[in-house]
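Please keep the sequence and the structure in view while reading.

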Amino acid sequence: MSVCPSCDCRKPLGFGIKMAFQPIVDISDKSVFAHEALVRGENGEGAGRILGQVTEDNKYTFDQSCRVKAIETASRIQLPGSLSINFMPNAIYEPETCLATTLSTARKTGFDRNKIIFEVTEQEQVVSQEFLVEVFEAYRKEGFRTAIDDFGAGYAGLNLLADFQPDILKIDMKLIRDINQNKVKQTLVRSIQQISEELGIQLIAEGIETEDEYKYLRDSGITLMQGYFFQKPMLEAFQNINFP
């Protein structure tokens with residue numbers, strides 16, 4: 001297995017990035033569980049425009065730059081709760097070596113590594129599931145929490161869960177949309193709830209946009225939630241949540 005060259009960690013991207021933060025709330029005690037860091041352009045351009053500039057040649061540098069920018073910004077603005085960072089598994093060479101910059105940034109900024117969550121979207125087709133499990137295990141060894149995003153809508157699903165049990169599962173927003181009036185989605189989400197409970201995995205419902213969705217999930221016993229219903233992402237900032 002190749003080792004990522006240290007010089008790549010410092011190579012300029014050629015385009016600037018900033019971070020927006022969206023809260024993940026705990027409705028059981030009306031607190032902020034975490035904030036997810038979402039990449040934006042220097043002038044607030046959407047993630048799509050930035051991700052469209054990522055290539056095979058710069059994806060490792062992009063992945064590393066997002067981690068550094070997320071931690072530095074979270075520390076600077078004193079972001080409450082934990083910090084959830086998306087990572088690109090296909091951009092990683094050797095897990096321990098590629099964590100060096102993350103660990104160094106956390107030390108330099110004084111950001112507690114135990115407050116960092118690394119999440120990978122299930123919709124990203126990984127080159128090797130075995131390697132992804134190796135990455136997750138390396139992250140956990142360093143004290144980071146792990147999450148699978150968009151669970152129920154991607155490539156890995158239960159096969160990945162059989163090989164590695166993350167700390168957190170985030171239910172895909174397509175399963176959440178109009179769940180209050182869709183019996184099939186209700187059945188699927190109940191199944192995910194049962195799996196997470198039996199495996200000791202925390203569950204987050206993401207993409208909540210309406211009061212009806214919120215009420216259904218609340219009454220179903222899900223307490224960790226994320227979505228526009230609570231707050232839209234804010235560029236390099238956060239504000240108090242108006243809980244329902």
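## Side-chain contacts and packing

The charged end of K115 sits over the ring of F111, at 5.3 Å from the ring centre. For this contact, NZ of Lys or CZ of Arg must be within 6 Å of the ring centre and within 35 degrees of the ring normal.

The model is predicted, so local features need pLDDT of at least 70 and side-chain atom pairs count only at pLDDT 80 or more, while totals for chains, interfaces and linings use all residues. Residues are numbered from 1 along each chain as its sequence is written, and side-chain values use heavy atoms, with hydrogens and water left out.

**Salt bridges**

A search of the whole structure finds 13 salt bridges, each being a side-chain nitrogen of Lys or Arg within 4 Å of a carboxyl oxygen of Asp or Glu.

| Pair | N to O distance |
|---|---|
| K170 and E36 | 3.1 Å |
| E119 and K170 | 3.3 Å |
| E213 and R177 | 3.1 Å |

K170 forms a salt bridge with E36. This pair links distant parts of the chain, with K170 in strand 6 (residues 168-171) and E36 in strand 2 (residues 31-41), 134 residues apart. Helices (H or I, at least four residues) and strands (E, at least two) are DSSP runs, numbered from the N terminus. K170 has a relative accessible area of 1% and is buried; E36, at 5%, is buried. Buried means under 20% relative accessible area, exposed means over 50%, and partly exposed lies in between (1.4 Å probe, protein chains only).

K170 also meets the side chain of E119 in a salt bridge. Here the link runs from E119 in strand 4 (residues 116-121) to K170 in strand 6, 51 residues apart. E119 is buried, with a relative accessible area of 0%. E36, E119, K170 and E206 are linked in a network of salt bridges.

The side chains of E213 and R177 meet in another of the salt bridges. E213 lies in helix 9 (residues 211-219) and R177 in the loop between helix 7 (173-176) and helix 8 (183-199), so the pair ties together parts that are 36 residues apart in sequence. E213 counts as buried at 0% relative accessibility, whereas R177 is partly exposed at 21%.

**Aromatic rings**

A pair of aromatic rings is described by the distance of the centres and the angle of the planes. Rings of Phe, Tyr and Trp (its six-membered ring) pair if their centres lie within 6.5 Å; planes under 30 degrees apart count as stacked, over 60 as edge-to-face and the rest as tilted. The whole structure holds 10 aromatic pairs. One of them is F87 with F118, which is edge-to-face at 6.1 Å centre to centre and 90° between the planes. F87 is in the loop between strand 3 (82-86) and helix 3 (95-98), and F118 is in strand 4, 31 residues apart. Both count as buried, F87 at 3% relative accessibility and F118 at 0%.

F118 also pairs with Y139: the ring centres are 4.7 Å apart and the planes are at 45°, so the pair is tilted. Y139 lies in helix 5 (residues 129-141) and F118 in strand 4, so the pair ties together parts 21 residues apart in sequence. Y139 counts as buried at 0% relative accessibility. F87, F118, F136, Y139, F144 and F164 form one aromatic cluster.

Two strands pair if DSSP finds at least two bridges between them. Strand 4 and strand 5 run parallel and are joined by 5 bridges; the bridge partner of I117 in strand 5 is R145. Strand 5 also pairs with strand 6 in the parallel sense, over 3 bridges, and I148 has L169 in strand 6 as its bridge partner. Strand 5 (residues 145-151) is mostly covered, with 7 of its 7 residues buried.

**Helix 5**

How far apart are the end C-alpha atoms of helix 5? They are 18 Å apart, which agrees with the 18 Å that its 13 residues should span at 1.5 Å a residue. The expected span is 1.5 Å times one less than the number of residues. The buried residues of helix 5 are F131, L132, V133, V135, F136, A138 and Y139. What covers them includes helix 2 (59-77), helix 3, strand 4, strand 5 and helix 6 (158-163), where contact means heavy atoms within 4.5 Å. G143 follows helix 5 and has a positive phi, near 95°.
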